[in-house]
Amino acid sequence: MNKTSEKIHVAIADDHAMVREGLKQILELEDDIEVIAQASNGEEALDIAREKQPDVILMDINMPGMNGFEAIKEIKNEKVPSKIIVLTIHEDREYLFKTLHMGAEGYVLKDADPNILIEAIRSVNSGEAYIQGNMTKELIKEFKRITSNTKEKSEDSNLTSREKEVLALIAEGLINREIAKRLYISEKTVKNHVSNIFKKLNVTDRTQAAIYAYKNNITSQTTQDHL
């Protein structure tokens with residue numbers, strides 16, 4: 001088991017106590033995650049961010065008093081180092097763009113598989129952005145709309161055929177475990193491929209990689225056509 005100092009310290013901000021406790025129980029099944037604080041509204045979340053500076057804050061949007069948007073704005077304005085993952089029921093493009101614009105590092109839906117939330121926490125803690133798969137598609141739709149008249153093909157990245165397969169599945173929103181099952185390879189091998197893809201594309205997160213896949217028409221169908 002990891003030492004306490006090596007754990008990812010997480011705070012949960014949600015106005016429903018049962019939701020907070022349920023999340024706490026799920027997250028603390030992981031050896032590397034510890035829930036150190038809970039908040040029922042934005043004011044409490046802001047106080048926790050200032051005083052405890054957790055590594056990651058799971059932030060609901062709809063809370064009484066100061067809501068999640070306002071809390072994110074204040075936390076980022078005060079340059080608190082905590083990373084923020086918006087955990088919400090809103091599968092809405094406008095909510096996604098607003099929270100990203102305000103500086104949130106992640107966006108996950110409340111009905112997501114617990115493994116997705118756990119991967120999101122680990123990803124943002126390591127410095128990456130994390131957008132849940134189906135919301136990544138919304139981001140790409142907006143990117144497509146903005147660049148529809150100026151779309152240009154990026155330079156050849158020298159990705160291998162297998163790396164293109166993995167990239168196509170990243171663009172579909174699959175997490176590493178799901179990619180491993182789809183391609184009948186180990187999750188460790190998938191992680192190695194993802195790392196190589198990031199280096200070759202000079203990107204830092206899965207969303208940027210997914211946008212590259214869209215720009216270059218790298219999809220599951222096109223990769224299968226070449227097998």
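## Basis

The model is predicted, so local features need pLDDT of at least 70 and side-chain atom pairs count only at pLDDT 80 or more, while totals for chains, interfaces and linings use all residues. Residues are numbered from 1 along each chain as its sequence is written, and side-chain values use heavy atoms, with hydrogens and water left out.

Helices (H or I, at least four residues) and strands (E, at least two) are DSSP runs, numbered from the N terminus.

Six strands make up an open sheet with parallel pairing, in the order 2-1-3-4-5-6. Two strands pair if DSSP finds at least two bridges between them. The edges are strand 2 (33-39) and strand 6 (130-131); each has a single partner strand, so one side of each is left without a neighbour in the sheet.

Strand 1 (residues 8-13) runs parallel to strand 2 and is joined to it by six bridges. Ile-8 has Ile-33 in strand 2 as its bridge partner. From strand 1 the chain passes through helix 1 to strand 2 in a right-handed β-α-β crossover (with the strands pointing away from the viewer, the path from the first strand over the helix to the second runs clockwise).

Four bridges connect strand 3 (residues 56-59) and strand 4 (residues 83-88), again in the parallel sense. Val-56 is bridged to Lys-83 of strand 4. Helix 3 (residues 68-77) packs on the sheet and touches both strand 3 and strand 4, with its direction at about 155° to that of strand 3.

## Helix contacts

Axes are lines fitted to C-alpha atoms, for helices over the stretch in contact, and angles run from 0 to 180 degrees between N-to-C directions. Contact means heavy atoms within 4.5 Å.

The axes of helix 1 (residues 17-27) and helix 5 (residues 114-125) come within 11 Å and cross at roughly 75°. The two helices are therefore roughly perpendicular (65 to 115 degrees). Leu-23, Ile-26 and Leu-27 of helix 1 meet Pro-114, Leu-117, Ile-118 and Ile-121 of helix 5.

Helix 8 (residues 176-183) and helix 9 (residues 187-201) pack at about 110°, with axes 8 Å apart. Asn-176, Arg-177, Ile-179 and Ala-180 in helix 8 face Glu-187, Val-190, Lys-191 and Val-194 in helix 9 as contact partners.

## Aromatic pair

The structure holds one aromatic pair (ring centres within 6.5 Å for Phe, Tyr and the six-membered ring of Trp). Phe-69 and Tyr-95 are tilted, at 5.5 Å centre to centre and 35° between the planes; planes under 30 degrees apart count as stacked, over 60 as edge-to-face and the rest as tilted. Phe-69 lies in helix 3 and Tyr-95 in helix 4 (residues 93-102), 26 residues apart.

Conventions:
Angles under 35 degrees count as roughly parallel, over 145 as roughly antiparallel, 65 to 115 as roughly perpendicular and the rest as oblique.
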